[in-house]
Amino acid sequence: ELRAMTNLVEVLFVVKCDQTKPGQHVRVAGSVEELGNWDPEFGLSLTTAPDMFPLWRGGPVLVPSGFEYKYVICTDAGASEQWEVRPNRSAGANLRASMVFDEEFDSLEVVQRQRAASRTSVQRRDSGIRSFVSAEGDRRRASSALL
């Protein structure tokens, strides 16, 4: 089976989305079964809290590497209300065993960093810049390396 030969990656999704209204939440829909095979109703539900908003978080979830995905604003029942209009996001086949995707709804900027590693790779795909921040650096320091 092809899937048995695919690298499995543990991914934690974090997305900044301030466009939701009461009765809505954010989901990840993607090209693999774990993300609903592009059906948001079966995608990964993200959660937030009053002290976290507008950050939404979901996972970690074990997925095969080399998948595509988008964030979708959904009703509480899981019906899609607003898909990202940007091109599909892509998680390459060369991902590490445990990753954090720290992103913003509809933004082209993507931050993928390795979890619990000695070094964190921060990539800004729209400019091709790559910086490295020590694992002791927090998310604010990692994100500021992009500015």
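What follows is a short chat about charged pairs and ring pairs.

Guide: Ground rules: this is a predicted model, where local features need pLDDT of at least 70, side-chain atom pairs count only at pLDDT 80 or more, and totals for chains, interfaces and linings use all residues. Residues are numbered from 1 along each chain as its sequence is written, and side-chain values use heavy atoms, with hydrogens and water left out.

Visitor: How many salt bridges does a search of the whole structure find?
Guide: The criterion is a side-chain nitrogen of Lys or Arg within 4 Å of a carboxyl oxygen of Asp or Glu. Run over the whole structure, that search gives two.

Visitor: Is Arg89 buried or exposed?
Guide: Buried means under 20% relative accessible area, exposed over 50%, and partly exposed in between (1.4 Å probe, protein chains only). Arg89 has 1% relative accessibility, so Arg89 counts as buried.

Visitor: How many residues apart in sequence are the parts that Arg89 and Glu103 tie together?
Guide: Strands (E, at least two residues) are DSSP runs, as are helices (H or I, at least four), numbered from the N terminus. Arg89 lies in strand E7 (residues 89-91) and Glu103 in strand E8 (residues 98-104), so the parts they tie together are 14 residues apart.

Visitor: On to rings: what is the geometry of the aromatic pair Phe13 and Phe101?
Guide: Rings of Phe, Tyr and Trp (its six-membered ring) pair if their centres lie within 6.5 Å; planes under 30 degrees apart are stacked, over 60 edge-to-face, and the rest tilted. The count by this rule is nine aromatic pairs. For Phe13 and Phe101, the values are 5.5 Å centre to centre and 85 degrees between the planes, making the pair edge-to-face.

Visitor: Where do Phe13 and Phe101 lie in the chain?
Guide: They sit in distant parts of the chain, 88 residues apart. Phe13 is in strand E1 (residues 8-16) and Phe101 in strand E8.

Visitor: Is Phe13 buried or exposed?
Guide: Phe13 belongs to a cluster linked by ring pairs, along with Phe67, Tyr69, Tyr71 and Phe101. With a relative accessible area of 0%, Phe13 is buried.
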